[in-house]
Amino acid sequence: MTALLEVKGLKVHYSTPRGEVRAAEDIDLHIDKGEIVGLAGESGSGKSTLALGVMRLIGKPGRITGGEVRFEGTDILSLSEKDYREQYRWSRMAMVFQGSMNGFTPVFTIGAQIREVLEIHGREGGETTVRKLLETVELDASIASRYPHELSGGQKQRAFIAMSLALNPQLLVADEPTTALDVITQANVMNLLKRLRTEMGISILLITHDLALISEAVDRLYIMYAGRVVEEGPSVSVFSGPKHPYTQGLLASTPTLQSRQIRGIPGFMPDLADPVEMCSFSPRCPFVMDVCRKERPEMRRADGGEEVACWLY
Ligand SMILES: Nc1ncnc2c1ncn2[C@@H]1O[C@H](COP(=O)(O)OP(=O)(O)O)[C@@H](O)[C@H]1O
Ligand SMILES: [Mg+2]
């Protein structure tokens with residue numbers, strides 16, 4: 001079986017006055033049909049860069065410097081911008097992000113803006129289609145005639161999700177889709193994403209810095225640190241038996257009902273403009289060994305169906 005999305009060795013760099021910021025390095029990631037895959041890591045670890053790379057939305061001063069992004073086997077990075085725009089972006093793969101809800105134009109109704117997306121792509125933008133899309137995200141059809149400022153943050157984010165679903169994409173990349181929302185609304189949006197998968201069979205890449213938020217929603221999980229994937233596995237294994245000391249720290253810094261105490265990970269992420277040969281987590285790692293400071297560990301199979309980049313395994 002070919003994966004719906006397969007990312008191989010993807011590299012994204014930003015040219016800055018400080019040098020080349022290696023925000024995504026040698027990323028391997030795949031998403032199967034109907035799978036909800038999580039991507040987690042602290043702020044600055046390269047999650048949005050990876051998402052934008054997958055969507056071919058990296059703008060200056062950034063660029064993709066290597067690797068492949070295959071969608072149903074086709075390397076979309078090798079397509080012309082025109083072919084990619086016409087055949088993939090928004091139609092087969094769509095994206096929502098934290099600020100999406102502010103992406104509506106204030107002077108047009110929500111319905112008019114959804115209709116425009118449909119019509120630009122040559123689809124029928126009638127009232128029924130718009131109403132169905134709004135119903136899919138559990139919004140009342142009357143929302144279509146409202147202006148963005150008349151909606152709550154949660155309603156706007158749902159309306160944006162409805163718009164992103166307008167062309168029936170197979171993949172939805174959701175980058176911190178609920179970060180600006182209150183806790184109850186966050187949970188509702190998570191449930192909505194789960195329902196979209198069940199009812200439409202859509203695949204979702206769900207990106208967050210908040211592991212607790214996605215624990216119920218994701219089938220499989222990637223953990224990113226300093227521009228690289230350091231752990232991957234079924235979410236049950238990663239949540240019950242995290243392997244990488246970074247993942248362990250990340251989970252320990254997530255407040256739970258049992259323990260309200262938050263233990264952060266001491267230290268800081270390395271400067272991504274200053275590449276190192278060693279394990280980039282070694283300066284913060286409680287289990288650091290000599291080898292960790294000399295050589296970077298590759299991803300290796302560990303138990304629980306996981307892969308981890310750590311010399312302990
Ligand atoms: N437009 C940009 N120009 C320069 N550096 C950037 C740009 N966007 C992101 N970066 C850098 O890339 C790294 C990863 O950022 P980002 O992908 O936004 O991480 P995350 O989404 O995990 O918080 C950070 O060091 C950030 O400063
Ligand atoms: Mg981000």
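Which residue in β5 is the bridge partner of Arg70? The structure considered here is a predicted model, in which local features need pLDDT of at least 70, side-chain atom pairs count only at pLDDT 80 or more, and totals for chains, interfaces and linings use all residues. Residues are numbered from 1 along each chain as its sequence is written, while chains are lettered from A and ligands numbered from 1 in the order in which they are written.

In β5, Arg70 has Asp75 as its bridge partner. Helices (H or I, at least four residues) and strands (E, at least two) are DSSP runs, numbered from the N terminus. Strand β4 (residues 62-71) pairs with β5 in the antiparallel sense over two bridges; pairing requires that DSSP finds at least two bridges between the strands. An open sheet of four strands is arranged in the order β2-β1-β4-β5, with antiparallel pairing. Its edge strands, β2 and β5 (74-75), each pair on one side only.

Ligand 1 is surrounded by 15 residues, a residue being counted if its C-beta atom, placed from the backbone, lies within 6 Å of the molecule. The closest are Tyr14, Ala23, Lys47, Ser48 and Thr49. At least two residues of this shell come from each of β1 (5-16), β2 (19-31) and α1 (47-54), and α1 gives the most, with three residues. The shell comprises five nonpolar, nine polar and one charged residue; Ala, Val, Leu, Ile, Met, Phe, Trp, Tyr, Cys and Pro count as nonpolar, Asp, Glu, Lys and Arg as charged, and the others, Gly among them, as polar.
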